[in-house]
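Here is a short briefing to read alongside the model. Please take a look at the sequence and the fold, then follow the points below.

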Amino acid sequence: MGRRLSFDALAGLPEIRPGDALAPLIAAALPHNGITLAADSIVVVAQKIVSKSEDRFAWLDEVSPSARARELAAVTGKDARIVELVLSESSDVLRAVPGVLIVRHRLGYVMANAGIDLSNVPAEAGRERALLLPLDPHASAAALRDALQALTGRAAGVIVSDSFGRPWRNGVVNVALGAAGIPALIDRRGDHDRHGRTLQVTQTAFADAIAAGAAIVMGEGGEGLPVAVAQGFMPDAPLADARALLRPLEADLFR
């Protein structure tokens, strides 16, 4: 049997502001885009609108850079205020060279700038703001799933996604920061291939693959399409949230 998986970005969502409830906005946009959620649907939501709705803004003019932040800013060429915010969200600085600041985020992600961003973040009253990651993307995904189910009657999966660079390849791809209602990581170890060989190491980052596919239709610039719906295929595997995708420190190949 063949398989098919489709991705549709939702048009018509407004600029998200602090306190906005995402579920009603998404639920209202679904019929206008000709989409009905089903058992195999996965709603992929850009981290940025989750952070905006949760008021994860930081005013740059209220940030006082520490000596460490100023030191790293001099090395990387970055705004010392942004570096201070990065340090406040991080447990470790892994790499600091001109133009690059790689950290271990407090939630365990290894990423550039702790996910802090100024793109698609409008100034407010002439003041610059930065946007931080949600406090708990896993809880955000679960809460959004519950709210969408209450509004639509469908228990769709939910992914909170963000773009990550990769140390061994050019370009960014979207990955799952948080997930609910899907098998974020599928462990195939112990299964057999077509020739009867036992799979020894195969684990599929299903949530990351869906997030990456959704990013193609959502875009990374000014498209204004921060939500996409994947439909057509849901693996038969145990549910696991996106914490399953984090590599333990002892298995970190780049330390």
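How many helices and strands are there in the protein chain? There are six helices and 12 strands, where helices (H or I, at least four residues) and strands (E, at least two) are DSSP runs numbered from the N terminus. This is a predicted model, in which local features need pLDDT of at least 70 and side-chain atom pairs count only at pLDDT 80 or more, while totals for chains, interfaces and linings use all residues. Residues are numbered from 1 along each chain as its sequence is written, and side-chain values use heavy atoms, with hydrogens and water left out.

**Overall shape and surface**

- Along its principal axes, the C-alpha trace spans about 60 × 45 × 25 Å.
- Among contacts with a separation of 6 or more, 61% join residues 24 or more positions apart; contact means heavy atoms within 4.5 Å.

- Strand β12 (residues 227-231) is largely enclosed by the rest of the structure, because five of its five residues are buried.
- In a regular strand, side chains alternate between the two faces of the sheet.
- Both faces of β12 are covered, with Val-227, Val-229 and Gln-231 buried on one side and Ala-228 and Ala-230 buried on the other.
- Strand β1 (residues 6-9) runs antiparallel to β12 and is joined to it by four bridges; two strands pair if DSSP finds at least two bridges between them.
- In that pairing, Phe-7 stands opposite Ala-230.
- Strand β2 (residues 42-46) also pairs with β12 in the antiparallel sense, over four bridges, and Val-45 has Val-227 as its bridge partner.

**Two helices to look at**

- In helix α4 (residues 80-88), the buried residues are Ala-80, Ile-82, Val-83, Glu-84, Leu-85 and Val-86.
- These buried residues pack against several elements, including α3 (67-76), β4 (90-97) and β5 (100-105).
- Helix α2 (residues 47-53) holds Ser-51, which counts as buried because its relative accessibility is 0%.
- Beyond its neighbours within four places in sequence, Ser-51 is in contact with Arg-56, Leu-131, Leu-132, Leu-133 and Pro-134.

Methods: Buried means under 20% relative accessible area, exposed over 50%, partly exposed in between (1.4 Å probe, protein chains only).
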